[in-house]
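Take each task, have a go, and then follow the steps.

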Amino acid sequence: MEGLFFLGIIVVLVILVGAIWSFVNAGQISTLKQQVTQLKAHIAHQAKQLESLRDELTRSVANTLEQSSNSSQEKAQAPSPSTQDPQSSALGSEVEPAPPVSKSVPSASASKPVATQAMQANSRPVHAAKPPAHAKAKPNKASSPSFSLEQFLAGNGLLWIGAAVLALGGVFLAKYSIEAGLFPPQLRIILGAAFGIALVAAAEYLMRYPKRFQINSPVVSAALASGGVITLFAMTLVAFEFYEYLSPTFAFVLLAIISVGASWLSLRMGPILAAIGMIGAYAVPALVSTGSNNVLMLMLYVVAVSFSSVWVYQVVKREWLWWLSALGHFLWFAAVILLSIDASYDSSAVVQDLALENHIDYAEAAAFNYTYANAGVITAFGLLSLYLFTLFPVLSWKLSNTRYDALSTKEMLLPRKENLGLLLTLAGVFFYSLQLGFQPELIYMLIAFSIPMLIVPLRHSAFDSWPFIALIAALYVYLRMPVDYDYSDNMFVFTGGFLFIQTAVLIALVYAMFVQSVFKQRPAYLLLLVLAPLSLYSVAYALSESEAEQFLYPIFAIQLGLIALIFAALSVKSRVNIQKVAFLLLANGALTLIFTMLLSASTLTLALAVQLALMASLSKKYTLALPNWLYKLAVIAIMARLTFAPWLPDYAGEFILGLHWSIVIYPASFALLFFARKHLHAPDLRLWFDGALLHLIALFVTTETSYFLIGEYPNLNNLSFKQTALLGMNYIILSGMYLWRATLTDPSSKHRRLYYVFATLLIVGAGAMHVQASLIDNPFISTQSLGSNPLINWLVPLWLVPAISLAIIAKLKLVKMELSKALYIASAVFAVLYINSVIRLVFNDNMSLFVSDIGQAERYTYSIVYLLISVGLIVLAQKLSSQRVNRIGFVVLALVVLKAFVVDMANLEGLYRALSFIGLGLSLVGIGWLFQRFKHTSNEADSSAESEQSPT
């Protein structure tokens, strides 16, 4: 009965999709009818206007010709100058004679301008005329019609409802025949199948002879055929699953025939029937299992269904049919991979013996005893998937379409549905190998997929990115290969993974040079020429064990030197600038890699920076504009290595020329990036390099302060109090740098937003650091090693520098006014903490309040210090005429007075109490006198200024 449930789902889908489809069609038909009616009315109105215009034009031309004829006759009857009387002759010297006029009737050419003027004059009312009321009507939201039951029923809605009822009737007929036992089981199946065949036959008959029954839409036939197909599905499943009359193989074949037949019927009856056929065809292996677990037969069946589905998609031209076919196909591809993974592990007694022998569990033992099951089937499945879902949409069935001009980088890398076939296929193969480890079959699979990835771009430039994907796949296979070399054999460098790398380098060089020689207008292969050998050699050497380096380096160095020599010579002979630059980059990159391998991993970053600087210099020298993304990609690679290197344990003890690597690499990289920036003129790239240089400064400050003050880089997994204090200080300073850089950038630039993002992240990081250092590990409540000097100690990076930095950021207005107030408050809090900590350390060796109490001298010192601070703020406020600073000074003063009465009076005794009040009183009197004096001076200055401005 599970099959009936599945069919019920299909019926619901048919009802839903058909109803929506019919409603959309009904709305569109209604809208088209309205538009046709309006068009007819408008044409009739225009015809009437043209008729009146033709009559008026005829009259106008006739009048013009008549006037011209009369004028000619009058002038012909006038006396000639020779017959005039003497008086007239005497006056002839004063009156200018009229020009002669032709007696002939004006020709058609002469009358044409008149007719044209008349037509233009009469054409204005046509454009200005108001159409009739019925022509003014406009359709209301034709693109999205509101629901109308009348439109739904007038359209195809009744047809699809009828189809759904027929399908349900077939299903219920099968169910009732089972429950009631009215007929023998064989007869029930035969009658149900006959009913389904009758529906399909009726659909075909109506499709062939629609005029006999006045049928105007193929939806009638599609509805009947859909009901018949679902009924046949139901009868087949009942015969197989409930009565067990059919063998699994026969049921499988029968359902497949029904599904394919439905797909073929859709070519004439519409896409909904195609969807039913596709869903049914892809669902057959799940509904009917033969129990053979024959992955090859499953693959052949799915590929056959996919061929049919893609062909139907090509004819019907419905995009969703392609996605439906791809979904079904790759779901079964995933199922084939999972079945193959299960079959790869040997479940025989050998595994049990291995588990007992090595005292490990069964699953772990099985991992050591496996094969790549169905590797050939998966490879064939993947290649056919490439053909169906990637090559066919671009190159056609015969792979005959070609294109050789270079595409832009954006077009080449733009996500398209055609690339989905390649990506999903490779993802499945990678997952397959990840679960099973490395076997030689993986290399064979790489070769099988690399061949089309290298050949197909020769026919169409849309696939120019495929060789780079093949390079990534080769690196993946190398990373999966085992490291089990026999270092006692000097020829181990020509075995295993090292031989694989050298072979891949040779293939990449030959392939890139061949394609570039044939298609000189496609620069992507020059990038492949430079990138492939350098990446393959560097990855292989960087991941090799220390025992292999002494044998591996000479071989790699010789090969890289030979590459450098060959391409340096080719660069001299080349007359194409982009080729010359690519050859020089490869030659210099090979030489740089030779020297880099002699040094350490950190120098590889320096080698990349050298390449970037050389690329910028050569592009300027040969006036060659390389793609911006190439520079950006190189900058990202350099910044990524410089950012994560300090946190990796391999770099902790690395030195260059007796100095720690960071002291050499960071300044050198900064200089090389600055050099590259000077040779670039694109504003976007210069801003990109500005950000990289600023980030490099941030890295240098962060890492070197920690290294010189603590002796190690910060460990984010286990930060000490000192590391937390340094990071909090550095993050605040660097956020200010990013904010300052943002103010110098165009407000509409995306780099400005990027600077603000980095500054925000740094502020958040600083806040996290101070939650730890200033709250949880606060020296006032916990014992921390701060240093012996009360002024210069770890409290400076913890509180003093952040207080000054935040005040500067707010003062320079690098953030909004609302945030500036928050920064001022945070700065004041840090300043108060630092002042209190300094006073605390003057009188105590340990700041913690739990270790030593506050003495009278210390308590009195707080009053004196903050009294002096308040006086200084008030004086400064008067000098700057700042009301804000003035208020802050008096607030501090009020707090000092409050402390004197609440705290000092309660705790000071004897002479200290008297001196405290005497000093406080004298201070208050002095402050009041100074305030009055400053106020009086300010008033006199204002009065003198007003008197100078007033008229005498």
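**Exercise 1: A buried pair**

Arg-677 is buried, as is Asp-690, where buried means under 20% relative accessible area, exposed means over 50%, and partly exposed lies in between (1.4 Å probe, protein chains only). Before going on, note that this is a predicted model, in which local features need pLDDT of at least 70, side-chain atom pairs count only at pLDDT 80 or more, and totals for chains, interfaces and linings use all residues. Residues are numbered from 1 along each chain as its sequence is written, and side-chain values use heavy atoms, with hydrogens and water left out.

Task: find what joins Arg-677 and Asp-690, and where each residue sits.

Solution: 
- Step 1. Arg-677 and Asp-690 form a salt bridge, with their closest N and O atoms 2.5 Å apart; the term requires a side-chain nitrogen of Lys or Arg within 4 Å of a carboxyl oxygen of Asp or Glu.
- Step 2. This pair links distant parts of the chain, with Arg-677 in helix 26 (residues 661-678) and Asp-690 in helix 27 (residues 683-710), 13 residues apart. Helices (H or I, at least four residues) and strands (E, at least two) are DSSP runs, numbered from the N terminus.
- Step 3. Through shared partners, salt bridges join Arg-677, Asp-690 and Arg-741 into one network.

**Exercise 2: Two more pairs**

Solution: 
- Step 1. The whole structure holds 4 salt bridges.
- Step 2. In one of them, Arg-522 meets Asp-464 with the closest N and O atoms 2.5 Å apart. Arg-522 lies in the loop between helix 20 (496-518) and helix 21 (524-542), while Asp-464 lies in the loop between helix 18 and helix 19, 58 residues apart.

**Exercise 3: The largest cavity**

Task: work out which helices line the largest cavity, and which classes of residue are found there.

Solution: 
- Step 1. On a 1 Å grid over the protein atoms alone, a cavity is a set of points where a 1.4 Å probe fits but cannot get out, a pocket is an open set with protein on both sides within 12 Å along at least five of seven lines, and lining residues have an atom within 4 Å of a point.
- Step 2. The largest cavity holds about 90 Å³ of space; grid points are joined across faces, edges and corners, and a volume is the space filled by probe spheres set on the points.
- Step 3. Helix 17 (418-436), helix 18 (440-455) and helix 19 (466-480) each supply at least two lining residues. Helix 18 gives the most, with 5 residues.
- Step 4. The lining has 11 nonpolar, no polar and no charged residues. Ala, Val, Leu, Ile, Met, Phe, Trp, Tyr, Cys and Pro count as nonpolar, Asp, Glu, Lys and Arg as charged, and the others, Gly among them, as polar.

**Exercise 4: The second largest pocket**

Task: find which helix gives the most to the lining of the second largest pocket.

Solution: 
- Step 1. The second largest pocket has about 1200 Å³ of space. Of its 31 lining residues, the closest to the centre are Tyr-824, Ala-828, Leu-873, Val-885 and Ile-888.
- Step 2. Helix 31 gives the most, with 10 residues.
- Step 3. By class, the lining divides into 21 nonpolar, 4 polar and 6 charged residues.
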